[in-house]
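Work through these exercises with the structure open beside you. Try each task before you read its solution.

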Amino acid sequence: MKKLGLHEAREEFLKFFKEKEHLVAPSYPLVPINDKSLLLINAGMAPLKPYFLGAEEPPKSRMTTCQKCVRTGDIENVGKTSRHGTFFEMLGNFSFGDYFKKEAIKWAWEFITERMEISSEKLWVSVYLDDDEAYNIWKDEIKIDEDRIVRLGKDDNFWELEVGPCGPCSEIYVDRGEKYGCGQEDCKPGCDCDRYVEVWNLVFSQYDKDEKGNYNPLPNPNIDTGMGLERMATILQEAENIFEIEPIKDILMEVEKVSGVKYGSSDKNDMSIRVITDHIRATTFLVSDGIIPSNEGRGYVLRRLIRRAARHGKLLGLNDNFLYNLSLKVIELWKNIYPEIEANKNKIQKIIRIEEEKFQETIDQGINILNQYVAEIKEEKKTILDGKRAFKLYDTFGFPLDLTKEILEEDGLSVDEEGFNTEMEKQRERARRARDEEGNAVWNSNAYSEFDIEENSEFLGYKELECNSKVVSIFKGQSMVNTLEEGEEGVIILDKTPFYAESGGQIGDTGLLKNDSFEGSVTDTKKESGRIYLHFTKVNQGNINVGDTVKAIVDKEKRLNISRNHSVTHILHKALKEVLGEHVNQAGSLVMADRLRFDFSHFEGLTIKELNEIEEKVNTIILKDVDVETIETSVDEAKKVGAEALFDEKYGSVVRLVKMGEYSKELCGGTHVKSSSSIGSFKILSESGIASGVRRIEAITGEYVLKYIKGIENKVDEIAGILKTNKMDIINKTKSLVEENKNLEKEIDKLKSKLAMSQFDDIVKETKNINGVNIITKSIEGMDANSLRQLGDKIKDSLDSILLVLGTVSDDKVNFIAMATKDLTVKGIHAGKIIKEVSKIAGGGGGGRPDMAQAGGKDPSKINEALAKVEDLVRAQIGSN
């Protein structure tokens with residue numbers, strides 16, 4: 001058997017199938033491309049589904065890959081055992097209507113026995129119960145002993161989805177020897193023990209399962225095989241588990257190095273080391289492929305991995321952030337195979353570091369709270385943490401549910417997951433209500449569904465802003481009526497309309513409906529059931545009746561401003577990706593006439609430099625006057641021309657592809673300008689965070705940029721007038737004034753200090769002796785905290801044995817200082833404890849060392865009362881000693 005490392009085994013596999021005339025394709029990203037059925041790529045065939053389903057033409061009928069994969073279904077077991085992992089690489093060879101069972105089986109056997117030199121005596125195979133064809137190939141052509149061919153049922157050896165290509169499979173097992181077995185006489189593949197390790201699964205897609213459950217033979221059957229690279233390397237290196245193979249072992253050793261904890265020292269430490277070793281590999285590749293931590297979907301998977309690893313780092317004594325540096329080890333070990341992780345090194349480190357920092361802010365407090373919960377549960381003789389408290393840990397302290405479960409399990413406890421999910425749904429409902437309130441959602445989108453409105457509204461607004469229309473229906477409140485009279489408000493439905501209805505973040509059009517005897521202002525436009533346009537109308541004059549013909553007129557200027565803002569969001573989206581990275585995706589938008597709002601996924605606030613670069617890129621495209629082209633096409637055709645990552649919504653058979661030259665291509669149903677120069681200009685007003693991993697840019701375009709600039713110019717003129725200079729010189733004038741102000745403040749400080757020192761003799765004369773302790777308490781007017789400290793230092797340095805407590809009021813706030821000479825601290829005087837009690841009386845707080853302390857207060861009227869307390873406090877401290 002060849003002793004190959006992970007990288008050598010991968011190379012041998014791909015080389016072998018290249019010799020068999022397979023196209024060697026690079027690994028696809030972990031984020032599925034145009035496949036909403038998967039959260040993350042979890043098998044070698046997953047990215048190739050379009051080829052198996054016949055939706056796309058493969059580049060070659062034979063392909064082979066080593067695919068990055070992540071599975072998190074049993075994340076809680078990773079680390080507990082040495083078998084489980086989240087990230088792995090899947091080797092596979094695939095045939096799309098080319099070769100079939102005979103070649104797949106023959107080549108698999110050849111690779112394992114001849115290239116990997118694994119003894120055939122160690123190999124077993126399984127076939128589907130009724131797959132005589134595969135059984136006979138193994139028996140008659142490969143010549144494997146029938147005793148080592150196991151027939152298994154549908155659960156083990158038949159691959160299928162609800163509908164589509166499916167078929168039996170055959171698996172190859174390696175017998176690792178009796179020491180890994182269960183000792184049962186009938187132990188063989190299919191047994192739950194560790195003796196027989198499945199290393200390769202050969203799937204024969206020969207049927208097309210229909211919706212009735214019938215298995216119809218495929219005219220051109222396919223082959224899909226999968227071999228776990230780490231599992232094969234474990235066999236070849238004769239290692240106990242995946243954590244002991246090269247180069248995964250190198251990560252583990254790095255964890256040992258940074259933690260100072262030796263693997264094998266204890267079961268508890270070993271679990272933590274395995275968790276970190278596995279999770280940092282998965283994290284590094286997930287971030288490299290564009291995923292950022294969040295509370296939803298893929299981002300939540302990443303957050304769970306980072307936070308679980310960080311918590312296990314704490315168990316090993318790693319209290320500072322360490323994962324972001326550990327990712328460098330993963331990059332070093334895999335960069336030659338996956339160069340993208342080296343290219344994304346800075347991004348990987350930054351995203352992991354920021355997530356670590358966020359968790360560090362709450363983890364200690366969260367663990368303390370959870371420990372309190374555990375103590376309470378045990379005291380109450382219960383075993384389950386209720387969902388409300390589990391949700392508080394998630395919502396307030398950032399504890400993913402599985403992390404809470406894991407910590408509880410260490411104490412033999414569990415969590416009410418159903419209750420947790422109930423609390424989660426309550427929060428989502430609160431968020432939905434908040435969004436509705438923010439959007440002034442007084443309109444119920446289903447208010448008109450009970451009425452039988454058969455005729456759809458024909459939308460003409462992409463090309464026309466005016467048209468003659470027939471009134472189909474009228475609503476007043478929630479009732480259908482025949483007439484709206486002057487002064488009344490209602491909803492009018494037309495047979496055709498140029499008014500764009502609110503959709504995709506773009507607000508609805510406004511304008512007029514009119515004829516010879518009627519005029520009404522359309523204040524908003526919305527859609528019902530995606531087909532009926534609702535014109536919210538106030539009647540200005542005359543009456544409007546069902547059946548009347550009206551001219552529908554869109555407010556052209558407002559529509560143009562809205563279109564400017566909508567078009568620029570497409571350019572902005574692309575510019576954000578170029579400046580910040582491909583992980584940026586739209587997370588929401590609001591397109592209005594006077595401004596736009598664009599939400600996007602990103603892990604930190606943008607710098608001034610980044611904002612300037614984004615703004616510059618957008619304005620460059622505007623000035624290039626690129627054509628804005630709208631094409632009606634299919635989703636598949638849109639994908640082919642590069643409209644990427646905008647397929648979270650459901651689309652019909654025909655979609656609108658909006659192209660900003662070759663710069664931006666997005667599917668969009670909104671209204672747009674004809675060329676980029678019509679946008680005029682673009683200005684970012686603000687950038688902020690609105691949720692974990694989600695940022696928001698607010699911006700303006702066109703005439704509103706001019707108004708913004710004019711407003712700034714007016715302010716500059718006003719400032720120049722106040723400073724009595726011309727506007728080109730206001731910066732120099734301001735700098736001069738700031739410098740002059742600093743100098744004056746220094747002079748004031750000197751005068752205050754002199755004033756304070758001038759009171760020295762008078763203050764010293766007020767020294768009292770309490771139980772053998774000399775004390776001074778004094779309220780001094782018109783002194784800041786710094787001058788108060790200087791006075792205190794002078795008094796303390798001038799007297800051999802003294803406790804002084806001074807107070808002053810500055811800007812309606814009380815400042816106290818307390819100082820004690822060393823001989824008094826030996827006697828039990830503690831300035832910090834004294835100042836703490838004194839400041840409480842003035843509504844504040846503070847503390848410090850035995851010899852020096854300071855505090856603040858909120859109530860100046862209590863300053864003398866507070867200082868009077870000092871004598872009692874001294875008596876108490878001296879008396880207690």
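**Exercise 1.** Is E12 buried or exposed?

*Solution.* Start with the ground rules. This is a predicted model, in which local features need pLDDT of at least 70, side-chain atom pairs count only at pLDDT 80 or more, and totals for chains, interfaces and linings use all residues. Residues are numbered from 1 along each chain as its sequence is written, and side-chain values use heavy atoms, with hydrogens and water left out.

Step 1: recall the cut-offs. Buried means under 20% relative accessible area, exposed means over 50%, and partly exposed lies in between (1.4 Å probe, protein chains only).
Step 2: apply them. E12 has a relative accessible area of 18%, so E12 is buried.
Step 3: E12 lies in helix α1, residues 6-19. Helices (H or I, at least four residues) and strands (E, at least two) are DSSP runs, numbered from the N terminus.
Step 4: list its partners. Contact means heavy atoms within 4.5 Å. Leaving aside neighbours within four places in sequence, E12 is in contact with K2, L4, F111, R115 and M116.

**Exercise 2.** Which peptide bond is cis, with omega near 5°?

*Solution.* Step 1: find the bond. The cis bond runs from E246 to P247.
Step 1: P247 is in the loop between α6 (229-236) and α7 (248-259).

**Exercise 3.** Describe the aromatic pairs.

*Solution.* Step 1: state the rule. Rings of Phe, Tyr and Trp (its six-membered ring) pair if their centres lie within 6.5 Å; planes under 30 degrees apart are stacked, over 60 edge-to-face, and the rest tilted.
Step 1: count. The rule gives 28 aromatic pairs.
Step 2: classify one pair. The ring centres of Y99 and W107 are 4.8 Å apart and the planes meet at 75°, so this pair is edge-to-face. Both Y99 and W107 are buried.
Step 3: classify another pair. W124 and Y196 are edge-to-face, at 5.2 Å centre to centre and 65° between the planes. This pair links distant parts of the chain: W124 is in strand β4 (residues 123-128) and Y196 in strand β8 (residues 196-209), 72 residues apart.
Step 4: check burial. W124 is buried at 13% relative accessibility. Y196 is buried too, with a relative accessible area of 9%.
Step 5: find a cluster. F13, F16, F17, F111 and W200 form one aromatic cluster.

**Exercise 4.** Which residues touch the most other members of the largest nonpolar core?

*Solution.* Step 1: define the core. A nonpolar core is a set of buried Ala, Val, Leu, Ile, Met, Phe, Trp, Tyr and Cys residues joined through side-chain atoms within 4.5 Å.
Step 1: name the residues. The largest core has 112 residues, and W138, W200, L323 and W334 touch the most other members. Helix α12 gives the largest share of this core, eleven residues.
Step 2: look for another core. Apart from the largest one lies a core of 29 residues, among them L572, V584, I679 and I684.
Step 3: zoom in on W138. Beyond its neighbours within four places in sequence, W138 has contacts that include I105, W109, K143 and L202.
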